[in-house]
Amino acid sequence: MPLVPVERADDDRLADYVRLRETSLRRSLESAQGLFIAEGEKVIRRAVEAGYRPRSFLLAPRWLDSLQDVLERWPDVPVHVVSEQLAEEVTGFHVHRGALASLHREQRHDVADLLARERLVVCEDVVDHTNVGALLRNAAGLGWDGVLLSPRAADPLYRRAVKVSMGAVFSLPWARLPDWHAAPAQLADAGFTTLALTLAPDAVDLAEVAADLARTPRKVAVLLGTEGAGLSERWSSQATTRVTIPMAAGIDSLNVAAAAAIACYVLGQGPRQSSSSSSSSRTRGETGQSSG
């Protein structure tokens with residue numbers, strides 16, 4: 001493997017890794033170059049094992065041995081060896097895990113792929129990358145089939161989302177909806193019962209919806225809204241059912257990722273449609289009414 005010691009932060013060979021905390025810059029750069037960044041040994045491994053092709057690696061010397069098997073799979077990919085101080089200077093933060101990789105960006109699934117499945121989480125304008133990463137991890141861990149994102153939702157392949165998802169973004173199918181306005185109708189046309197997580201006074205208790213889905217299995221999509229404001233009136237009003245997670249006095253909502261985890265767990269306990277039943281629901285929080 002080509003080990004390339006680098007000693008200057010302005011070395012052009014490190015261009016993929018500059019100012020990783022500046023979201024607007026990274027969005028432009030990563031889109032233009034067709035790349036994304038993986039941080040940490042486990043996430044790098046999961047990305048490579050999932051078939052994403054590395055462009056380069058940026059490693060502190062202490063990671064060379066533990067990642068040697070990964071590096072040997074790509075003998076022509078440069079390995080930039082830097083001090084941890086230089087890594088911090090280039091990236092703009094302390095890379096406490098000491099390992100980064102730049103990989104070729106791919107869109108592996110489209111909306112049609114997701115609509116053919118049974119249990120989906122659908123995110124409307126969830127703009128925080130940490131929340132998107134957590135949603136993907138929750139959906140994958142609780143056995144859901146995929147995630148659809150509205151056009152303005154955060155990028156699942158942004159470094160922070162990838163890291164928080166612990167690599168779930170590489171294994172769980174996801175796609176971005178091309179049209180926010182038409183999304184509820186598109187889901188309905190594909191046979192989904194859509195459950196809008198909301199604090200609306202007419203919302204049905206999540207447990208009641210789960211019991212109904214257990215009795216009558218069908219395709220389910222849980223709709224989650226943006227941080228703070230929750231779901232838009234359009235998505236909420238066009239859902240099959242508005243659903244809520246009952247809260248104790250003094251607390252009106254949950255973080256969207258926490259709400260999604262509860263909904264996915266409760267709704268996912270019944271059999272699927274293909275075998276017996278499928279379920280999905282919405283929880284307060286950032287799915288329809290949560291304060292991110």
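Tutor: What follows describes the sheet, then the helices against it, then the annotated span. This is a predicted model, in which local features need pLDDT of at least 70, side-chain atom pairs count only at pLDDT 80 or more, and totals for chains, interfaces and linings use all residues. Residues are numbered from 1 along each chain as its sequence is written, and side-chain values use heavy atoms, with hydrogens and water left out.

The open sheet has seven strands in the order 8-7-6-11-9-12-10, with parallel pairing. Strands (E, at least two residues) and helices (H or I, at least four) are DSSP runs, numbered from the N terminus; two strands pair if DSSP finds at least two bridges between them. Strand 8 (174-176) and strand 10 (204-205) are the edge strands, each pairing on one side only. Strand 10 pairs with strand 12 (residues 241-244) in the parallel sense over two bridges, and V204 has V243 in strand 12 as its bridge partner.

Two helices lie across the strands. Helix 12 (residues 256-267) lies across strand 6, strand 9 (193-197) and strand 11, running at about 165 degrees to strand 11. Contact means heavy atoms within 4.5 Å; axes are lines fitted to C-alpha atoms, for helices over the stretch in contact, and angles between N-to-C directions run from 0 to 180 degrees.

An unreviewed UniProt entry lists residues 120-265 as "domain: tRNA/rRNA methyltransferase SpoU type"; such annotations may be inferred rather than shown by experiment. The span is 38% helix and 18% strand, and its end C-alpha atoms lie 13 Å apart.
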